[in-house]
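Hello,

Here is the structure we talked about handing over. Please open it alongside this note.

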Amino acid sequence: MPDIAAVKAALAGQRIETPSWGYGNSGTRFKVFTRAGVPRDPYEKLDDAARVHEFTGVAPKVSLHIPWDKVDDYAVLSTYAKDRGLELGAINSNTFQDDAYRLGSVCHPDPKVRRKAVEHLLECVDIMDATGSADLKLWFADGTNYPGQDDVVARQDRLAEALAEVYGRLGDDQRLLLEYKLFEPSFYTTDVPDWGTSYAHCLRLGPRAQVVVDTGHHAPGTNIEFIVAFLLREGKLGGFDFNSRFYADDDLMVGSADPFQLFRIMHEVAKNGGLDRAANVAFMLDQCHNVEAKIPAVIRSVMNVQEATAKALLVDLDALAAAQAAGDVLAAHAVLMDAYDTDVRPLLREVREERGLHPDPVAAYAASGWQERIAAERVGGEQAGWGA
């Protein structure tokens with residue numbers, strides 16, 4: 001049976017990175033919905049992220065998105081974060097919102113456009129240097145919509161060339177994390193459509209290039225936990241973008257649509273050493289909160305990851321191995337289901353209380369008065385939002 005003290009220690013040591021854009025306005029393709037108290041700049045985003053960490057105790061890192069989080073002095077922003085018990089995490093690039101990128105960015109047929117995109121990526125590395133960030137996270141909307149629109153192999157060559165230049169600019173303690181997306185906005189070919197494409201490019205680049213698994217960017221029925229286990233085995237799992245979805249894209253809260261899938265993923269992570277600090281797997285949220293309140297949604301998302309992790313840590317690995325070795329299919333499955341069916345909320349409340357935290361982070365936030373305060377104070381200016 002799992003050692004409960006060890007399970008508690010693992011849960012207390014868990015670190016989940018929240019996205020700056022998760023605190024801003026967002027919406028569907030038809031409407032961006034505004035909400036009172038939304039941050040107006042990166043500093044106010046950090047103020048909100050600090051509340052998430054205050055009440056959960058496991059969210060000290062905040063991902064930035066450039067240019068959405070551009071400031072004049074990134075050292076000042078980094079200090080601002082540290083003063084609030086936070087640190088700046090991954091730097092996310094943006095090569096999908098400029099008119100020049102209509103036919104792609106680093107894969108564009110025009111070398112001038114490719115140069116523009118690469119210069120932006122190099123700027124992001126400069127920002128990493130200024131903030132102390134170790135991770136450059138890349139996602140490309142590049143692809144084609146029609147057969148014959150461009151040369152598929154030539155686009156892969158352009159991608160490889162751009163990645164190699166950026167990889168060569170990284171410091172010794174920095175790494176490149178390459179995300180992938182099955183489709184959208186490119187519907188015929190996507191230049192980095194799946195984990196295999198990302199893995200192949202990262203393998204060619206070197207040991208400081210790793211794959212980001214976005215849990216909402218797969219075809220229906222894809223076995224994401226297999227991908228996670230494979231990449232962990234190869235030392236190529238750099239991090240997650242946690243979210244959930246039903247049909248296509250990824251903008252639901254992690255664990256909301258299919259909590260059993262999240263458990264299965266975290267089981268492979270826990271069993272294969274992915275929770276160890278040495279594995280250096282970044283557990284990041286990547287969500288847009290369109291109809292729900294921002295900060296409580298981020299808190300709830302963190303709690304969903306915690307609950308899936310707790311259940312994964314309760315899997316009796318000795319009993320599982322014995323059943324697998326004996327070829328006892330139902331017994332092996334039952335071991336997993338016993339852990340999944342466990343109500344881990346009392347355990348997590350206990351872990352929080354032992355750390356001096358309120359046992360219910362959502363209730364603690366609601367009682368804090370922060371939401372009412374920011375709604376009253378953040379009047380005027382331009383609210384941050386997707387693309388702002």
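This is a predicted model: local features need pLDDT of at least 70, side-chain atom pairs count only at pLDDT 80 or more; totals for chains, interfaces and linings use all residues.

Aromatic rings

The structure holds 15 aromatic pairs. Tyr43 is partly exposed, at 22% relative accessible area.

Phe242 and Phe283 pair in another way. Their planes are at 10 degrees, so the pair is stacked, with 6.2 Å between the ring centres. Here too, distant parts of the chain are linked: Phe242 is in strand 11 (residues 237–242) and Phe283 in strand 12 (residues 282–285), 41 residues apart.

Charges over rings

Tyr80 comes up again here. The charged end of Arg84 sits over the Tyr80 ring, 3.4 Å from its centre. Likewise, the charged end of Arg208 sits over the ring of Tyr167, at 4.9 Å from the centre.

Salt bridges

How many salt bridges does a search of the whole structure find? The count is 25. Three of them are set out here.

- Arg169 and Asp129: the closest N and O atoms are 2.7 Å apart. Arg169 lies in helix 5 (residues 152–169) and Asp129 in helix 4 (residues 111–131), so the bridge ties together parts 40 residues apart in sequence. Arg169 is partly exposed at 30% relative accessible area, and Asp129 is partly exposed at 43%.
- Arg264 and Glu225: the closest N and O atoms are 2.6 Å apart. Arg264 is in helix 8 (residues 259–271) and Glu225 in helix 7 (residues 224–234), 39 residues apart. Arg264 is partly exposed at 23% relative accessible area, whereas Glu225 is buried at 12%.
- Glu377 and Arg373: the closest N and O atoms are 3.3 Å apart. Both residues are in helix 14 (residues 370–377); they are 4 residues apart, so about one helical turn separates them. Arg373 is partly exposed, at 44% relative accessible area.

Salt bridges with shared partners also join Arg40, Glu44, Asp48 and Arg378 into one network.

Best wishes

Conventions. Residues are numbered from 1 along each chain as its sequence is written. Side-chain values use heavy atoms; hydrogens and water are left out. Rings of Phe, Tyr and Trp (its six-membered ring) pair if their centres lie within 6.5 Å; planes under 30 degrees apart count as stacked, over 60 as edge-to-face and the rest as tilted. Buried means under 20% relative accessible area, exposed over 50%, partly exposed in between (1.4 Å probe, protein chains only). Helices (H or I, at least four residues) and strands (E, at least two) are DSSP runs, numbered from the N terminus. A charge sits over a ring if NZ of Lys or CZ of Arg is within 6 Å of the ring centre and within 35 degrees of the ring normal. A salt bridge is a side-chain nitrogen of Lys or Arg within 4 Å of a carboxyl oxygen of Asp or Glu.
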